[in-house]
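Dear colleague,

Please find below the structure that I am handing over to you, followed by an account of what was found in it. I would be grateful if you read the two side by side.

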Amino acid sequence: MLFRSHQAGHSRRDAEALLLAAVAGTSQLASIPAPLRDAAAPLAAEVEKLGVEARFPIVSLALATLRELDEKSKLEVIARLQQLIEADGQYTLFEVAVLTVVERTLLGERVSFLRGGRKAEPTTIEGAIVPLTAVLSSIAFAGAPSPEARAQRAKAFTNGATKLFGRSIPFIENARGDFRSVFRALKFLDGLDFGSRGKFLEACWHCAATDGVITAGEREMMRAIHCALDCPMPPED
């Protein structure tokens, strides 16, 4: 059950506090802006009790209210979310996924113009190897994040890359653990040509399903990818 966060979805202040609580958890409460910190603190504790599987449903609950705001208020919400995410100097994959989904949900097509507008000519798969491989690598990491699981990550990445490009692509680890580049790569998907989008999504799911299990982290990344491409997320089994 979604505790008092059901009520938290009914006002802009409580909905934003719920969104920030889902991202911050109890460990980053100090990074939440002061006017929202007191409201977010008890919510963060309850979010953590529910576990990682509940994080995105809680974000979606908050967005149901926040999407009714005017554009100025939506931009303020996004700015505070980004400030929270950048407080520790790096982006986690969960933060990348949340920021991508929040931007696209609250701003819709306007997000393209905030990012500098769409390219005049759509980008093909071969013209986007660097950002597409960055996204595939992030899915592989989401499915096997432990330091000892490099071979598993490499296998998942290779499966996805071969499906997408028809050939092997070198697997390069993100040694710093800062996934800011993945956030930039997801922005780039906005310019991918229509025919390439389905092929890319198929490769992403192929990568995620390599070990036969879709983890919570992989599903969060897939939600962000579908959102970045303006494609509906398939229902869970």
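**Helices H2 and H6**

Helix H2 (residues 12-24) packs with helix H6 (residues 93-107) at an angle of about 155°, and their axes are 10 Å apart. Helices here are DSSP runs of H or I with at least four residues, strands are runs of E with at least two, and both are numbered from the N terminus. Axes are lines fitted to C-alpha atoms, for helices over the stretch in contact, and angles run from 0 to 180 degrees between N-to-C directions. H2 and H6 are therefore roughly antiparallel to each other (under 35 degrees counts as roughly parallel, over 145 as roughly antiparallel, 65 to 115 as roughly perpendicular, and the rest as oblique). On the H2 side, the contact (heavy atoms within 4.5 Å) is made by Leu19, Ala22 and Val23, and on the H6 side by Phe94, Glu95, Val98 and Val102. Six of these residues are nonpolar, none is polar and one is charged. In this division Ala, Val, Leu, Ile, Met, Phe, Trp, Tyr, Cys and Pro count as nonpolar, Asp, Glu, Lys and Arg as charged, and the others, Gly among them, as polar.

**Basis of the model**

This is a predicted model, in which local features need pLDDT of at least 70 and side-chain atom pairs count only at pLDDT 80 or more, while totals for chains, interfaces and linings use all residues. Residues are numbered from 1 along each chain as its sequence is written, and side-chain values use heavy atoms, with hydrogens and water left out.

The pLDDT is the predictor's confidence in each residue, from 0 to 100. Its mean over the protein chain is 88, and 90% of the residues reach 70 or more. Confidence is lowest in helix H1 (residues 5-8), at a mean of 49, and highest in helix H9 (residues 150-165), at 96. Over residues 113-117 the pLDDT is below 50, and this stretch has seven contacts in the model beyond near neighbours in sequence. Where pLDDT is low, the predicted coordinates should not be read in detail.

**The chain as a whole**

The protein chain contains 12 helices and zero strands. Of its 237 residues, 49% are buried (buried means under 20% relative accessible area, exposed over 50%, and partly exposed in between, with a 1.4 Å probe and protein chains only). Among contacts between residues at least 6 apart in sequence, 71% join residues at least 24 apart.

H2 has 13 residues and reaches 18 Å from its first C-alpha to its last, close to the 18 Å expected at 1.5 Å a residue; the expected span is 1.5 Å times one less than the number of residues. Because 10 of its 13 residues are buried, H2 is largely enclosed by the rest of the structure. Among the buried residues are Leu19, Ala22 and Val23, which also take part in the contact with H6.

Just after H2, glycine 25 takes a positive phi of about 65°. Glutamine 28 lies in the loop between H2 and helix H3 (34-50). Glutamine 28 is buried, at a relative accessible area of 15%. Apart from neighbours within four places in sequence, glutamine 28 is in contact with Val23, Leu84, Asp88 and Glu95.

**Helix H8**

With 11 of its 15 residues buried, H8 is largely enclosed by the rest of the structure.

Isoleucine 139, in H8 (residues 129-143), has 0% relative accessibility and counts as buried. Leaving aside neighbours within four places in sequence, isoleucine 139 is in contact with Cys204, Cys207, Ala208, Glu218, Met221, Met222 and Ile225. Isoleucine 139 and alanine 156 are 17 residues apart in sequence and 8.3 Å apart in space, C-alpha to C-alpha. Serine 138, also found in H8, counts as buried at 1% relative accessibility. With the neighbours within four places in sequence left aside, serine 138 is in contact with Leu93, Val182 and Met221.

**After helix H12**

Aspartate 230 is in the segment after helix H12 (216-228). Its phi is near 60°, a positive value in a residue other than glycine. Aspartate 230 is partly exposed, with a relative accessible area of 39%.

With kind regards
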